[in-house]
Number of protein chains: 4
Amino acid sequence: MGTADMIRTNPAGTGVDPELLARVIDALTVCSQTCTACADACLSEDMVADLRRCIRTDLDCADICAATARVLSRQTAYEPEITRAMLEACVQACATCGAECASHAEHHEHCRLCAEACHACEHACRELLAAVA
Amino acid sequence: MGTADMIRTNPAGTGVDPELLARVIDALTVCSQTCTACADACLSEDMVADLRRCIRTDLDCADICAATARVLSRQTAYEPEITRAMLEACVQACATCGAECASHAEHHEHCRLCAEACHACEHACRELLAAVA
Amino acid sequence: MGTADMIRTNPAGTGVDPELLARVIDALTVCSQTCTACADACLSEDMVADLRRCIRTDLDCADICAATARVLSRQTAYEPEITRAMLEACVQACATCGAECASHAEHHEHCRLCAEACHACEHACRELLAAVA
Amino acid sequence: MGTADMIRTNPAGTGVDPELLARVIDALTVCSQTCTACADACLSEDMVADLRRCIRTDLDCADICAATARVLSRQTAYEPEITRAMLEACVQACATCGAECASHAEHHEHCRLCAEACHACEHACRELLAAVA
């Protein structure tokens, strides 16, 4: 898998298992893209006025996951405190967005898929948080 | 595949084949992440001074691919001119970064992998450009 | 002004007037932030369903301007083709978003302010495009 | 000032003083742009090998501040927990990057300016954290 290969060929290292790190980066990029697409799909729904909170948390979650994926993709001069703080923000954003999307999952397939991506990403971030604690 | 499912469940549409659109979005997110990781790996190499141009084009390519992936993830009120302009910028960035990384591929495995991601992304963007021309 | 000072203290250079470059970077960051805020303000309006196109172009314009500001903030191994391609995408995004926001300016002060930011940014990008042609 | 005007014309609100919120958003966007420019200036210095940690923290700080500025620019369906988590990540990133840049301030004017931007941003984020606690 490409993400883990890129981690392994970096002369620097963070002491974190490359497979775990790669899995979290992949979950973050999938979640960020899915949230961006879900925000746009919600915007085109007839009931857009009922999806304001969903769109807003989607946009936040997309931005926070994208920034976290970038921080985790760097291994030079590793700073565990910054990694931990971003993972905690991600857990918060994914939990909030995942719950909001789950509440619309019955009516909108994009919300159901987005809730899944958020939950998977939250779970992956918690796993990495435990490993870098 | 998640990306294509998200495109298909959007009430709006762009007239572009969802499978093609999803393939390009995936190539863009892979390229953006790979370029971010390659810039960092170059930064940790002993010969970092010889990799300045590689780091700079990696950083540009990461930013441009990430922005393009977001634009393509939206289907509401589709504007083909903006899509085309971003795809053209991406082709430019991926071609430049891919050529630079390829020139270091023999010495650095991360550059070899990044050149591959850039070439795949450039090819995908050209395919979509032809479809939205 | 900070932006121009940062450009001047970079050992690399692009041959572009630092004052002009700084003015464009500042216009891009203002436009990106304003479009992000306008998208959110539109989302909270009663008539959100009539503002879908405005929200979508705001989000695109915010992403494209942010990526362009980053590319222009780098001077190492300057590539005029990438700069030009991003400036052209920006002109396209700012013109589209500025026109859309202007059409709501009478009803929404945030759209009026955002149209101003888009027009200023489009103008600045065109000025730089002429200088790097 | 534009940022505060955009906050005030948003139909939604967060209960946070618009002037304070605008000051923090402005500090974040200045810090993000300055860190992007400092990373590139470091990359072009003769002693780039001694500036690896500076470049890496610059890149992290730029990404984290940019994402935080976006989260703070949204007021719809305000979630104080996400705001707080991002402000805490920002404080961490700005403190780390500011200290690193300060250690090179004597030799590189761009590091001196960047340390200032990081310290100002850290201070602004702490002020807002106290207000939303």
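Cysteines, chain B. I looked up C125(B) and asked which cysteine sulfur is closest to its own. It is the one in C121(B), at 4.2 Å, and that is too far for a bond. The cut-off I'm using for a disulfide is 2.5 Å between the sulfurs. Buried or exposed, then, for C125(B)? Buried, with a relative accessible area of 0%. All this is in a predicted model, so I'm reading computed distances here.

Cysteines, chain A. Next I checked C101(A), whose closest cysteine sulfur belongs to C54(A), 3.6 Å away. That gap is again too far for a bond. C101(A) also counts as buried, at 0% relative accessibility. How many disulfides does the structure hold over all chains? I get 0.

Chains C and D, symmetry. I superposed chain C on chain D and got a rotation of 180° with 0.0 Å of shift along its axis, RMSD 0.0 Å. So I'm writing this down as the relation of a two-fold axis. Which C-alpha of chain C is nearest the axis? That of T29(C), 3.6 Å from it. Both copies use the same surface: 100% of the contact residues of chain C turn up again in chain D.

Chains C and D, area. I have 31 residues of chain C in contact with 31 residues of chain D. The two chains bury about 2500 Å² between them, and 60% of that is on carbon and sulfur atoms. I wanted to know which three residues supply more than any other three of the area chain C buries against chain D. They are M6(C), Q33(C) and R70(C), with 25% of it.

My count of salt bridges between chain C and chain D is 2. In one that I looked up, the side chains of R70(D) and D63(C) meet at 2.8 Å, N to O.

Chains C and D, elements. Which elements give two or more residues to the side of chain C that touches chain D? I noted α1 (2–8), α2 (18–43), α3 (52–72) and α5 (109–132) of chain C. The largest share of that side comes from α2(C), with 11 residues.

How values were computed: Residues numbered from 1 in each chain as written. Chains lettered and ligands numbered in written order. Predicted model: local features only at pLDDT ≥ 70, side-chain atom pairs only at ≥ 80, totals over all residues. Heavy atoms only, no water. Least-squares fit on C-alpha atoms with pLDDT ≥ 70 in both. Contact = heavy atoms within 4.5 Å. Buried < 20%, exposed > 50% of the residue type's maximum accessible area, 1.4 Å probe, protein only. Buried area = accessible area lost by both parts, 1.4 Å probe. Salt bridge = Lys/Arg side-chain N within 4 Å of Asp/Glu carboxyl O. Helix = DSSP H or I, 4+ residues; strand = E, 2+ residues; numbered from the N terminus.
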